[in-house]
Amino acid sequence: MPSRTSHAVRVAVLADSDTRWKWGSLTARRIAPEKRDTELSGFLLRGRATPTARQLAEVGAELDAPREMTGVEFLTHLRNESYDVVVLALVGGAVQAMLHGIAALELPRRPLVVTGYVGVVYEKLSDGLLLRHGADIVLANSRYDAERFRDVYEGVGADASSVTEAALPFLAGARYAPEEGRDTVVFAAQPSVPVSRADRTYVLKRLVEHARLHPGREVLLKLRSKPGEQTTHIEEFPYQKLAERLPGGLPPNFKLVYGHMGEVLDRTDLLVTVSSTAALESLHRRIPTAILTDLGIREPLGNHHFIGSGCLASWDQLDGGYRPEADAVWAGRQGVAAADGAYETAFDEARAHVEELLDAPGLPRLRPYYTATTAPGYLPPLLARYHLAADGTPLPGARTEPADNSRMRRAVREAVRGAARGAYRHGVQRVAPVIRRMGEL
């Protein structure tokens, strides 16, 4: 059987939220063979977190609108179209469903399947990893993650050869340089960390108090979504609504901001967060970065991931002028701010792995760790949520053909035009020239 080296590499990216779309589309470009043309098609898995046109434009990928469809519809599309690579930028359960679904297609030449994580892996490590097992390549965003991933797979007797060290694909932007007269503090909000109204109100009050204590400082609350929009995690108590109820209102040097994170970091002198992936973007640029300890250093908050980083700090310390300095060894193991500039070659191993598998005469059948034999009480109901039977075939009544979503695609195109100029300044220019067709418009 001939290899797939004679034509342009066709890549399909399936994502289920705005941040995963950002990760998937940029990862697809990073791992594509350098000496071959790439045709990239985008798809959104229809569900609770399906992003709006504004969210897609804001994540900074200058691309046409991806097509929205269910998992079964996507599998039907794979059966009818020929792709060389499929990037699954999904939650673990959806990845597992697509792995079983692709295996059940029994394609004469199946696509290479790649998956991974959008950011910091601080919870459900074993669950998330085993749900991703079976993909040809499971990307780890750092050396630290790669070691943990292999330990989990080997610990349950699963093949760990798929684990491939890489990095977060959206680390970019100019290295931090203070500007005379500029003093900007940014708090990067998260939809569900912290989760309670009391904790989120506390964080907001301290941020507003920080602005009042430093009237000459610009204090920005960087928000992920607008009320009514959904992200990967449910935001039960949006900061926008909490801010409306604060007694005394907001000081003039305090602002709520949206937009591309790279543009916000361009004017940031101190980034504060509980455990957002934005901290890694900030650290990569060498921007002073603070991980809040006010609510404790606890696994549900995710800030325990930053133990050893040198970035842990409280609002009291920040109010007093403290500026954390990241530990270089810790940052290097996390795949950010490496002194040797290793980020420029961070995707070489993954790219080589992709090229090796594409050049192979054929790929074996996908074999996830979870099967009806190894997890008979877990796998069937999980697959059923995606309208698949235990053998990966569609359940009776599942719609196999996608509905028309041309209206959404037009809306995304219009929103993207407004965000394109800013996106190009933050590394996306390396992606756009290669995109030959998105969404098969």
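Two strands count as paired if DSSP finds at least two bridges between them. Strands (E, at least two residues) and helices (H or I, at least four) are DSSP runs, numbered from the N terminus.

The model is predicted: local features need pLDDT of at least 70, side-chain atom pairs count only at pLDDT 80 or more, and totals for chains, interfaces and linings use all residues. Residues are numbered from 1 along each chain as its sequence is written, and side-chain values use heavy atoms, with hydrogens and water left out.

**Stop 1: the sheet with E8 and E9**

Select strand E8 (residues 184-188) and strand E9 (residues 218-222), which pair in the parallel sense over five bridges. Within this pair, Val 186 stands opposite Leu 220 of E9. Now extend the selection to the open sheet of six strands, ordered E10-E9-E8-E11-E12-E13, with parallel pairing. Its edge strands, each pairing on one side only, are E10 (254-257) and E13 (312-313).

**Stop 2: the seven-stranded sheet**

Move to the open sheet of seven strands in the order E3-E2-E1-E4-E5-E6-E7, where the pairing is again parallel. E3 and E7 (163-165) are its edge strands, each pairing on one side only. On average, neighbouring strands of this sheet are turned by 25° against each other, direction ignored. Select strand E5 (residues 112-115) and strand E6 (residues 137-140): two bridges join them in the parallel sense. Thr 115 has Val 138 in E6 as its bridge partner.

**Stop 3: Leu 88**

Centre the view on Leu 88, found in strand E4. Display its contacts, that is, residues with heavy atoms within 4.5 Å. Leaving aside neighbours within four places in sequence, the contacts of Leu 88 include Leu 14, Trp 23, Met 98, Val 113 and Thr 115. Gly 116 is also in contact with Leu 88; the two C-alpha atoms are separated by 7.7 Å, although the residues are 28 apart along the chain.

**Stop 4: helix H3**

Select helix H3 (residues 71-80). Eight of its 10 residues are buried, so H3 is largely enclosed by the rest of the structure. Among the buried ones are Glu 73, Phe 74, Leu 75 and His 77. Their cover includes strands E1 (9-15), E2 (38-45), E3 (67-69) and E4 (85-89), together with helix H4 (92-105).

**Stop 5: helices H5 and H6**

Select H5 (residues 125-132) and H6 (residues 143-155), which pack at an angle of about 75° with axes 10 Å apart. H5 is therefore roughly perpendicular to H6, a class that spans 65 to 115 degrees. Leu 125, Ser 126, Leu 129, Leu 130 and Arg 132 in H5 meet Arg 148, Phe 149, Val 152 and Tyr 153 in H6.

**Stop 6: the whole protein**

Finally, display everything: the protein has 15 helices and 13 strands. Of its 441 residues, 58% count as buried. Among contacts with a separation of 6 or more, 77% come from residues 24 or more positions apart.

Technical notes:
Buried < 20%, exposed > 50% of the residue type's maximum accessible area, 1.4 Å probe, protein only. Axes fitted to C-alpha atoms, helices over the stretch in contact; angles between N-to-C directions. Parallel < 35°, antiparallel > 145°, perpendicular 65-115°, else oblique.
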